[in-house]
Amino acid sequence: MKKGVTHLLIYLGAAVVSVLSVVQAQKNILPQAAGIAVYVLAAAVLTAACVCLYRDLRKGMVEKIFLAVRRTSLGAQFLEDYTFRTILTTLPSFSINVAYTFYNGVIGIMNRSAWFITMAVYYSLLGIMRYRAVQAGRKISRMEDPVQIRKKERSVIRTDGILLLLLNLALSGVVLLTISQGTAKTYSEIMVISIAAYTFYKITMAVIHMIKVRKMQSPILITIRNIGVADALVSMLTLQATMLASFREKSSMDANRMNGITGLAVCVLIAALGVSMIYDASRRKEV
């Protein structure tokens with residue numbers, strides 16, 4: 001089967017399962033087990049559709065844009081140097097983390113809300129990790145001594161691994177507060193679908209980038225991409241809590257149980273990332 005036909009079938013499948021998942025969320029026409037299967041299938045097909053769309057776009061209009069950008073020195077470095085591109089594109093995420101930290105911190109203090117304060121702690125730790133990784137990457141790019149480079153890389157990956165474990169504690173607090181206080185926000189159906197599409201794209205790109213940097217064996221890039229994976233996992237958890245809260249009246253699912261199970265899985269995965277980074281730093285020291 002030709003690649004174009006395969007992509008078309010994936011797009012059609014994504015549209016079908018998306019409509020089916022929305023109908024299931026609204027009308028609850030399927031048994032609970034079948035409904036969960038529909039949501040899982042929708043997530044998988046939408047992820048595949050995002051990957052296909054990314055590849056298709058690169059072969060069309062995006063390639064023309066790349067040619068124009070490559071004519072400038074900065075644009076050429078951005079497109080050809082993966083490390084430079086990764087560090088540069090991390091800066092907007094850091095700015096968003098700072099804004100979210102400030103917003104949740106102010107709201108939490110004004111309303112004495114444990115949930116908002118916990119979210120502020122989470123975003124501040126995420127921002128600190130991204131800032132450290134970016135700054136380290138910039139310093140390493142100017143270093144020439146291999147010993148000093150390895151020392152700096154070990155320091156960053158070890159410290160951010162520890163911070164990931166601390167972030168996991170803040171995330172555990174968010175999960176517990178979401179379950180006990182029902183703090184998940186509710187949105188309109190269109191907004192929920194938009195959030196879901198962005199979340200699936202975010203998860204897809206985080207996994208693709210993580211696999212890519214694993215092959216490159218760059219500690220700084222691995223650190224930055226691990227942070228991105230942790231952020232994507234939390235976005236997935238937030239999306240689930242939002243969907244369950246928004247469609248609460250139309251679904252028979254136990255929101256607390258679902259949030260608890262998914263929250264536990266996300267916490268375990270992020271803890272595994274943190275431990276692997278700490279282990280990697282100690283292994284590099286021995287080498």
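Start with the salt bridges, of which this predicted model holds three, a salt bridge being a side-chain nitrogen of Lys or Arg within 4 Å of a carboxyl oxygen of Asp or Glu. Because the model is predicted, local features need pLDDT of at least 70 and side-chain atom pairs count only at pLDDT 80 or more, whereas totals for chains, interfaces and linings use all residues. Residues are numbered from 1 along each chain as its sequence is written, and side-chain values use heavy atoms, with hydrogens and water left out.

Select Arg-130 and Asp-231, which form a salt bridge whose closest N and O atoms are 3.2 Å apart. Arg-130 lies in helix 6 (residues 114-141) and Asp-231 in helix 9 (residues 219-246), so the pair ties together parts that are 101 residues apart in sequence; helices here are DSSP runs of H or I with at least four residues, and strands are E runs of at least two, numbered from the N terminus. Both partners are buried, where buried means under 20% relative accessible area, exposed means over 50%, and partly exposed is in between, with a 1.4 Å probe and protein chains only. For Asp-231 the relative accessible area is 10%.

Lys-202 is partly exposed, with a relative accessible area of 21%. Shown together, Arg-130, Lys-202 and Asp-231 are linked in a network of salt bridges.

Go next to Arg-132 and Asp-160, a salt bridge whose closest N and O atoms are 3.7 Å apart. Arg-132 lies in helix 6 and Asp-160 in helix 7 (residues 146-181), so the pair ties together parts that are 28 residues apart in sequence. Arg-132 counts as partly exposed at 27% relative accessibility, while Asp-160 is buried, at 0%.

Then select Tyr-122 and Tyr-123, both of them buried. The structure holds one aromatic pair, formed by these two residues in an edge-to-face arrangement, 4.9 Å centre to centre and with 65° between the planes. Rings of Phe, Tyr and Trp (its six-membered ring) pair if their centres lie within 6.5 Å, and planes under 30 degrees apart count as stacked, over 60 as edge-to-face and the rest as tilted.

Finally, colour the spans that the unreviewed UniProt entry places under "transmembrane region", among them residues 35-54 and 190-208; UniProt positions follow the numbering used here, feature names are shortened, and annotations may be inferred rather than shown by experiment. The end C-alpha atoms of residues 35-54 lie 29 Å apart, and the span is 100% helix and 0% strand. For residues 190-208 the corresponding C-alpha atoms lie 27 Å apart, and this span is also 100% helix and 0% strand.
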